[in-house]
Amino acid sequence: MIAFLISLAVLIGGYFIYGLIVDRIMGSDSKHPMPAITRRDDIDYRPLPAWKVFLIQFLNIAGLGPIFGAIMGIMFGPAAFLWISIGTIFGGAVHDFCSGMISIRSGGGSLPEIVGEQLGRNLRRVMCLFSVLLLILVTAVFVSTPAGLLSGMTPDYLDRTFWVTVIFAYYLLATLLPIDKLIGNLYPIFGFALLFMAAGLLGVLLTGNVDIPVSFTDGFHSRSATDMPLFPMMFVSIACGAISGFHATQSPMMARCLTNEKLARPIFYGAMVAEGIVALIWAAAAVTFTGGYEQLAEYMAVPGHDAGSLVHDVAFGWLGTIGGILAVLGVIAAPITTGDTALRSARLTIADFMNINQKGLMRRILVTLPLMGAVIILMMMDFSVLWRYFAWCNQALSVFTLWAITVYLARHSKPYVISMLPAMFMTAVCTTYILCAPTPEGFGTDYTTAAIAGVAAACIPAAIFFSRLSRLPLTLKNTIVND
């Protein structure tokens, strides 16, 4: 219990202390012109109330990652609690907040525009392709899982194919309609279900007759029953609950709806902290409900058991029938409300890159339909393989974003260390993972070689950055990487 309370306190305290420090470094200004006003088109650029923007941002980023990822991540042991709390405060929240602020100051620019402005036009092209691929992966992943959960809760004739069709139809409408119509009206309902789930489970953990079998005094070695090393595997498994590159594709969407730059910290930094709390709750719930690390591994090894079935058992076992239904609906709403905005972000990214005005409905349709086709093709892949590729692409995207933030801060003579250290760490994580992961998702390199290469890979961009640092104040409008 003590480890859980410490981690929870770090998350909450970190928002008020470190979040304020980062906000002051970025220099949020209530008088700064906002894209929602200056570029208003009532489709994607539209002022929305702050509470709606928070719920949309929170639900955009809180898909299955902070739930399923946390359940798989806690199998590595107490280190998962540390990564969720420290990773969120010093990594994920900085990543989300700074990318949102930079987007605001670039007129609501999407992620490839942000990266291209800081790191060069060549990387802008790479990031456009990479981010659209990730967004399509996210959409494909977050169609399959809620469709499966819904088919298990409804009569047999409402099978998985039926729910896939329904979710696809919703995604299409959510992508094409003005943001205040479908997304702006449905998200408060979905948000209630998700927040009820988290609050209910937190209540059981704090006041129920349960014992959270996680202690920092037991050491931070891996408890995983597999041979997977804690580094880098845990840092890829727990992505959305600590740091996720996908979030930087969502922040620009809400940057186009904010009415005051001072709202950026509670919206972007705050939503990431809220997601970290959800991840912490589910990590604790998983190991507590099953009775320990070994018992959790035994549960997951039973045929037919997975993270989804554990979510169902925990929800109904701890919250009763009504509470369980609401909790499961929250778990269903989380991926759906991530998948729809992932597809919308893909549309916006392509439209920005190709300079296609999105005010006309037909133009939005022409951009969206090829994306829907790509999602359908990806859904034909094995889900476990799809999820692993998504996990690595997700973390790799955060590397580019954090380095772009670092260059932005250096250009404006601000303490760039707040993003540079997370950037170097995530560079090492992603490089080590792709090298040592088994084929076909990785290269199957021996762990020692992969880890050394990961550290070296983190030092290379740092060396390039410092070699060009002295020229940045003199070339404020240029890029750090030669085009």
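The model is predicted, so local features need pLDDT of at least 70 and side-chain atom pairs count only at pLDDT 80 or more, while totals for chains, interfaces and linings use all residues. Residues are numbered from 1 along each chain as its sequence is written, and side-chain values use heavy atoms, with hydrogens and water left out.

**Overall fold**
- The chain has 19 helices and zero strands, where helices (H or I, at least four residues) and strands (E, at least two) are DSSP runs numbered from the N terminus.
- Along its principal axes, the C-alpha trace spans about 60 × 50 × 45 Å.

- Of the 483 residues, 59% count as buried, meaning under 20% relative accessible area with a 1.4 Å probe and protein chains only.

**Aromatic groups**
- Tyr15, Phe16, Phe97 and Tyr269 form one aromatic cluster, in which rings of Phe, Tyr and Trp (its six-membered ring) pair if their centres lie within 6.5 Å.

**Confidence**
- The mean pLDDT, the predictor's confidence in each residue from 0 to 100, is 87 for the chain, and 96% of its residues reach 70 or more.
- Among the elements, helix α8 (residues 121-153) has the lowest mean pLDDT (82) and helix α2 (residues 18-26) the highest (97).
- Over residues 474-483, pLDDT stays under 50.
- Where pLDDT is low, the predicted coordinates should not be read in detail.

Methods: Rings of Phe, Tyr and Trp (its six-membered ring) pair if their centres lie within 6.5 Å; planes under 30 degrees apart count as stacked, over 60 as edge-to-face and the rest as tilted. Contact means heavy atoms within 4.5 Å. Buried means under 20% relative accessible area, exposed over 50%, partly exposed in between (1.4 Å probe, protein chains only).
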